Amino acid sequence: MSKTNAGNFFEDFVLGQVIEHATPRTVTEGDRALYGAIYPTRFAVPSSAQFAASLGFDRHPVEELVGFHIAFGKTVPDISLNAVANLGYAECRFQHPVRPGDTISTRSEVIGLKENSNGRSGVVWVRSTATNHRGAVVLDWARWVMVHKRDVDAPAPEIVVPDLAAVVAPEDLVVPHGISFAAYDFGAAGEPHRLGDYEVGERIDHVDGVTLTDAEHMLATRLWQNTAKVHFNTDARPDGRRLVYGGHIISLARALSFNGLANAQLIAAINAGSHVSPAFAGDTVHAWSEVLDRVELEAPGVGALRLRLVATKGHDESMTLRQVGGDNDGKYADGVLLDLDYWALIPR
Amino acid sequence: MSKTNAGNFFEDFVLGQVIEHATPRTVTEGDRALYGAIYPTRFAVPSSAQFAASLGFDRHPVEELVGFHIAFGKTVPDISLNAVANLGYAECRFQHPVRPGDTISTRSEVIGLKENSNGRSGVVWVRSTATNHRGAVVLDWARWVMVHKRDVDAPAPEIVVPDLAAVVAPEDLVVPHGISFAAYDFGAAGEPHRLGDYEVGERIDHVDGVTLTDAEHMLATRLWQNTAKVHFNTDARPDGRRLVYGGHIISLARALSFNGLANAQLIAAINAGSHVSPAFAGDTVHAWSEVLDRVELEAPGVGALRLRLVATKGHDESMTLRQVGGDNDGKYADGVLLDLDYWALIPR
Amino acid sequence: MSKTNAGNFFEDFVLGQVIEHATPRTVTEGDRALYGAIYPTRFAVPSSAQFAASLGFDRHPVEELVGFHIAFGKTVPDISLNAVANLGYAECRFQHPVRPGDTISTRSEVIGLKENSNGRSGVVWVRSTATNHRGAVVLDWARWVMVHKRDVDAPAPEIVVPDLAAVVAPEDLVVPHGISFAAYDFGAAGEPHRLGDYEVGERIDHVDGVTLTDAEHMLATRLWQNTAKVHFNTDARPDGRRLVYGGHIISLARALSFNGLANAQLIAAINAGSHVSPAFAGDTVHAWSEVLDRVELEAPGVGALRLRLVATKGHDESMTLRQVGGDNDGKYADGVLLDLDYWALIPR
């Protein structure tokens, strides 16, 4: 057994510790194709090399979430193999496009620790940074997970809870270098709506639904080299069901949001995200969005929408699951799968 | 709701109207791999870059149906989102190979309109044209669909029914520029049979069968950015089953036809096609072909077979479902899924 | 029927006969992505172009088993379409890396024949050689299968049983040209263990399990253009289940073995392999390995481990299914799926 990775337990983490995660991963055109086969995405930038070039991309980027999932997957064996729960994300900024040929590596720094009062587990905060093979930061994010202790008698570390922003400030959003939306082709993109057409508080029902299968979520989760057992092994949970990777629901909901948000082309930041309840094969996933904020950025023609993306099991036509800005107080209605708060770049 | 695409209804279509469909799509080597994972295809041209080069292809083309599905998928949000039924295809000509790196766009022109006598729906004929990013026409085809009216009181348009050819004339078939079958390697292609070995009226049982799964047809249908709800959402039909995209059956039957038609390398035209009955996960699909015509073309060594490709649920060893040339009079035996009439290029 | 391939029967094989298998197949980056979606592989060489380059690979190779499956798939229509059973492999040597852009062809020579005493079938031994489009041998292997006779009255051929090595000798292992493990990055590869850290007789439980689905094994098997009916058609077996391609279990077990053997980067040879019992959707596959031998090779920093890789249905924590070196005497415990004996290259 000694040769296999048992993962880190709560007492293995030390404040300031830096972990270089293994198995850098080269992105290919195969990833683009698989992403499009697994999620019903039609955003024009990842779909069309010509559309991307028309906005100033020098090479054809893949969807931002491809980079996110790969970077996240790398952290699982070291950070969350013994996780009780993924508690949250914050300050996730997409800083550089990911293109086929780029090799992604991830490292994490432990930025917070707090043992639980039961003495059997604790919360670990890490800031993870993904870079490409030229050393450019692709994205970084903070994440906190509750992790088991190996030894309940291990001493509790000093409590350090990092101060994380509730929202990435608009001035901290990164527009990829050289990008302009000044000559944006709304016809090719699929919808006419620009920044000013969206009102804060507006909600958009994305209408379509997709019923999950085990084969598809496993293909996706493996593609990101995410090794968490519960996604693959029917013996890993008492109910014999394979838990769908939370990121699968993020990508599915984002793809569904094309219908109504086709011009919210690029994800610039993820402010927060909660995997409210588990999803399984047979569930039919729908999504709706709420506009939380809108700002103009300096890059030519570029604005940003702050969006709340809610994925539900079954079609939630009411779109009124809880008050905006409410905290995660357990008041989510049954059937809510995901509550994600992010910034998207859109033509103004 | 106003931001999402509700699709066009019958009264939204106007004779002569041109619709530029959204989200151009760049083809990649990932599409080739996925096509080969989803369908049991072994045709030597898409399988081997060297075989393709030996026939004169300057770059390695993907299967013709990859172009067809992508081009067709683009039309769904505008043409058939509110379709009651896909009634037929005609005059589909493959004019230029599709290669990884090509970006496909599609536009459609409304060429016919006829309201149904019930006043609640009508038939729309469109001619759709797919071009690559250099402006070359990749394929074009006519298609007619029955579409719901939004408002039953909307006035009926003047009846215009286009005159469509029952068969693409051999002189209108396009052999890709520079292609010669003069040095064709039958050993590498897998079978010794050439044009003259096939007799008009001959029927070929393709023997093998494939049992459908939901995951696979959804992966395929998404890959083509086809958004029709019935393929993905178990709530979209009263029986809770996901309807398999008709094009999935076309590709599956075509791939099965390798066994007996390995040298029918390239699809040059689709004359007609009927999705006779719906297919679902669990159905086992078989196929047989009938030779309808054979002609010699001008390109070196190139001939064309006109083939009827019939896909059935279960193995139809009789291969005698209806008379050749019979019209779609509802006399198909139970279990017929597809009746496709096409031209394939084959060495003579 | 005469146009379709009925496969060869026992009496069709002649000693010394050479069969050039059809449909050469070009490998692409799409194959890499699909391999990573279907199997939980994380080996650093196929995962990262930079890691591969750091070892001296001039282009980014795909996993060795991609080449194996493609090469093997080519032989199925000619060798094993009428097989009663795949009896074994031997002397499989991986001689040249497979890279996207390489086109693989396979030919086989009949090297042994022995009719069974019942007169209804016989054993055929073939040596198959896969080459790339530049003529370099990618891999070769011997295989023997039991094949039906078409005509029980066909005369029995002279018995020739080839002399095959039980193990590929270390001096016959091929290290790809120019490869050095002298500057191997253990951190990037995921584990610190080198050749000397493994003891002969040591057993490693790879811990993780994957539950099989029909969609996934069919996608994989089609990708390799393997046409054996039992993998795809629920009507092909009395129990209505689709038999999982044996090579799917090899790839799955090899991928699971990353956990504990992350530095066993490259498969150099397969000495022997038995598909002990059939696998089906719903089975959860685990794997364990035993170190059978370890040797130092001449290439800089390169050693080789001879490993026994055992795949089981369910988790076999005892890892003591039979004595090492025992012959295939039917004494495998229930639940053993695969018993594979191979050489892997590892830093020393």
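Let me start with Thr41(B), which sits in the loop between helix H1 (29-38) and helix H2 (44-47) of chain B. Helices here are DSSP runs of H or I of at least four residues, strands are runs of E of at least two, and both are numbered from the N terminus. This is a predicted model, in which local features need pLDDT of at least 70 and side-chain atom pairs count only at pLDDT 80 or more, while totals for chains, interfaces and linings use all residues. Residues are numbered from 1 along each chain as its sequence is written, chains are lettered from A and ligands numbered from 1 in the order in which they are written, and side-chain values use heavy atoms, with hydrogens and water left out.

Is Thr41(B) buried or exposed? Thr41(B) counts as buried because its relative accessibility is 9%. Buried means under 20% relative accessible area, exposed means over 50%, and partly exposed is in between, with a 1.4 Å probe and protein chains only. Leaving aside neighbours within four places in sequence, Thr41(B) is in contact (heavy atoms within 4.5 Å) with Tyr35(B), Gly36(B), Glu63(B), Ala255(B) and Gln225(C).

Tyr35(B) brings me to the aromatic pairs. The whole structure has 34 of them over all chains. The rule takes rings of Phe, Tyr and Trp (its six-membered ring) with centres within 6.5 Å; planes under 30 degrees apart are stacked, over 60 edge-to-face, and the rest tilted. Tyr35(B) and Trp224(B) form a tilted pair, 6.2 Å centre to centre with 55 degrees between the planes. Tyr35(B) is in helix H1 of chain B and Trp224(B) in the loop between helix H6 (214-223) and helix H7 (246-256), so the pair ties together parts 189 residues apart in sequence. Tyr35(B) is buried at 3% relative accessibility, and Trp224(B) is buried at 1%. Elsewhere in chain B, one aromatic cluster is formed by Phe68(B), Phe72(B), Tyr89(B), Phe94(B), Trp141(B) and Tyr245(B).

Next, salt bridges. The count over all chains is 60, a salt bridge being a side-chain nitrogen of Lys or Arg within 4 Å of a carboxyl oxygen of Asp or Glu. One of them joins Asp208(A) and Lys229(B), at 3.2 Å from N to O. This pair crosses between chains, from the loop between strand S7 (203-205) and strand S8 (210-211) of chain A to the loop between H6 and H7 of chain B. Asp208(A) is buried at 13%, whereas Lys229(B) is partly exposed at 35%. Within chain A, Asp58(A), Arg59(A), Arg99(A) and Asp102(A) are linked in a network of salt bridges.

Last, chain A against chain C. How many residues does each chain give to the contact? Chain A gives 30 residues and chain C gives 44 residues. The buried area is about 2800 Å², 58% of it from carbon and sulfur atoms; buried area is the accessible area (1.4 Å probe) that two parts lose on being put together, summed over both. Three salt bridges cross this interface. Lys3(A) forms a salt bridge with Glu202(C), with the closest N and O atoms 2.6 Å apart. On the side of chain A that touches chain C, strand S2 (25-26), helix H1 (29-38) and helix H6 (214-223) each give two or more residues. H6(A) has the largest share, six residues.
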